[in-house]
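Open the model in your viewer and keep the selection tool ready. This tour goes from stop to stop.

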Amino acid sequence: MADTLTITDNRTGRQYEVPINYGTYEDYGASSPAIDLRKIKGSEEDFGLLSYDPAYMNTASCKSAVTFIDGDRGILRYRGYPIEQLAEESSYLEVAYLTLFGELPTESELAGWTYEILHHTFVHENVKKLMDGFHHDAHPMGMFVSTVAALSTFYPEAREVHDADVRLKQIHRLIAKVPTIAAFAYRHSIGLPYIYPDNELSFTGNFLNMMFRISEPAYDPDPVLERALDLLFILHVDHEQNCSASVMRGIGSSHADPYVSVAGAAAALYGPLHGGANEQVLRMLNEIRTVDRVPEYVERAKKGEFRLMGFGHRVYKNYDPRARILKSMASEVLEVTGRSPLLDLAMELERIALEDEYFVERNLYPNVDFYSGIIYKAMGFPVDMFPVLFAIPRTAGWLAQWLEMLQDPEQKIARPRQVYVGKDERDYQVIEKRGV
Ligand code: SDX
């Protein structure tokens, strides 16, 4: 049997052969070139067929070797390594290196990578002046998006997107500076002075330092929380062609610099259906408040009155493996921070939902956002910082997708087609004749 499709156009009786191509697996990701549909014409002057796919429900926009997800089996791998193993064995900086460059670093590669990241954590003093201009109650994610975009004006050489050395320098800067910007946004929102990076601390230890240090001469991060945050960052690094990664590729495909591309991706992540969901999960749990009110809210979600935030996923039609890891990790963190009624509430909500036909038949399971917010809250992060906490590690994933896109010979500026359903040609009407 040939790896082809034979399409018969019943309008003309003509047949067309279209190839079936495979990626790593034959049973997951087989595809046919959409451009081949253009050969199918109803008549000679016909433009040819387009594939129509709103929200890209069934469209592969690229070939990628970065992340593999099998939504039916609940599988997530970065560069072939199962997320469960990376969560158990690795660190955020090592996973960022793996995701970006394709292989786990040697000891000297990891040491060099860590040195570069930990020594690019400072931002220009004018960045502070920029952030001081935000309103006192500005949402930290709005500050994050704007300030990351502003970095583009501090590093104009970043426009040289085809220069490998220039690209690498911006990758170091972005991965290193996003925690600083995130922490500065938080400190601005609570009226506390900015805390400068302490490059003697680990990546996550330094972030906790910039977030929570008050007057102690040196910040001593709690090792359990430091490790928990590192694990949370590992789980959030990349997730193939999610909404924000697609935006990163789209903006980057015009050869805009990586700072404005990351800012655009972060703007997409901010949406409540995407990375903003973890903030909405907490708001939803706080509204439900007690376990006895869970059935009422589940019924309301089934009626479509609101979305059960933290549930459902475009790709996972099984339990999100990240949610499984976070659920077990939540208990460990709460051992240190103290029990949280929100966790008991969340687990009861999950139990009831997973027994309910509405959720079962739609394959709606908890996703990464369902438990992450509970852990962040227990660690002392305010709810409006949650999407910013998502953006910090996802910056490494966005840059990995950006790098792969720029080096892919099959990619060019992203510019989809459309199906026009508007008015046919008509003549301009002077204002006196309108509405007559
Ligand atoms: C992330 O893409 C990624 O990889 C994203 C992410 C990443 O790492 O980058 O994994 C991170 O964004 C996780 C998702 C976080 N969002 C939420 O938790 C928000 C709540 N979830 C939903 O809004 C929804 O499930 C989406 C947006 C996540 C997925 O939506 P889809 O694939 O477009 O599915 P859909 O809206 O077509 O829903 C299918 C059905 C509908 O019912 P019917 O119209 O068929 O009757 O399921 C229902 C929906 O109403 N449904 C829900 C629901 N999610 C879907 N009903 C109640 N509660 C929900 N959460």
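The model is a predicted one.

**Helix H2**

Now step back and select residues 92-101, which make up helix H2. How many of the 10 residues in this helix are buried? The count is 9, so the helix is mostly covered under the 20% cut-off for buried residues. Colour the buried ones: Tyr 92, Leu 93, Glu 94, Val 95, Ala 96, Tyr 97, Leu 98, Thr 99 and Leu 100.

Go to strand E1, residues 4-9, and strand E2, residues 14-19. These two run antiparallel and are joined by 6 bridges. Pick Thr 4; its bridge partner in E2 is Pro 19. Then select the turn. The hairpin has 4 residues between its strands, and Gly 13 takes a positive phi there, near 80°.

**The three-stranded sheet**

Next, show strands E3, E4 and E5. They form an open sheet in the order E3-E4-E5, with antiparallel pairing. At the edges are E3 (67-70) and E5 (81-82), each pairing on one side only. Select E4, residues 75-78; E4 pairs with E5 over 2 bridges. Click Tyr 78 to find its bridge partner in E5, Tyr 81.

**Two surface patches**

Switch to a surface view. Select Phe 47, Leu 50, Tyr 52, Val 419 and Val 421. Together they form a nonpolar patch with about 540 Å² of accessible area. Leu 50 sits in the loop between E2 and E3. Is Leu 50 buried or partly exposed? Leu 50 has 32% relative accessibility, so it counts as partly exposed. Patch residues must be over 30%, and Leu 50 at 32% passes that cut-off.

Now select Glu 88, Glu 89, Glu 332 and Glu 335, which form a negative patch. Helix H1 (83-89) and helix H13 (321-337) each give two or more residues to this patch. Focus on Glu 89, which is in H1. Glu 89 has a relative accessible area of 65%, so it is exposed.

**Salt bridges**

Side chains of opposite charge can pair when their charged atoms come close. A search of the whole structure finds 19 salt bridges. Visit a few.

- Helix H8, residues 223-235: Arg 227 and Asp 230 meet in a salt bridge, 3.5 Å from N to O. They lie 3 residues apart, about one turn of the helix. Arg 227 is partly exposed at 34%, while Asp 230 is buried at 11%.
- Helix H11, residues 277-288: Arg 283 and Glu 279 are 4 residues apart, about one turn of the helix. The closest N and O atoms of their salt bridge are 2.6 Å apart. Arg 283 is partly exposed at 41%, while Glu 279 is buried at 6%.
- Asp 320 and Arg 322: their closest N and O atoms are 2.7 Å apart. Both residues are buried.
- Asp 27, Asp 70 and Arg 73: salt bridges with shared partners join these residues into one network.

**Last stop: Ala 228**

Return to H8 and select Ala 228. Ala 228 has 4% relative accessibility, so it counts as buried.

Methods. Residues are numbered from 1 along each chain as its sequence is written. This is a predicted model: local features need pLDDT of at least 70, side-chain atom pairs count only at pLDDT 80 or more; totals for chains, interfaces and linings use all residues. Side-chain values use heavy atoms; hydrogens and water are left out. Patches are made of residues with over 30% relative accessible area and no salt bridge: like charges are joined within 9 Å, nonpolar side chains (Val, Leu, Ile, Met, Phe, Trp, Tyr) within 5 Å. Accessible areas come from the Shrake-Rupley method with a 1.4 Å probe; for residues, only the protein chains shown count as cover. A salt bridge is a side-chain nitrogen of Lys or Arg within 4 Å of a carboxyl oxygen of Asp or Glu. Lys and Arg count as positive and Asp and Glu as negative; His and the chain ends are not counted. The place of a charge is taken as NZ of Lys, CZ of Arg, CG of Asp or CD of Glu. Buried means under 20% relative accessible area, exposed over 50%, partly exposed in between (1.4 Å probe, protein chains only). Two strands pair if DSSP finds at least two bridges between them.
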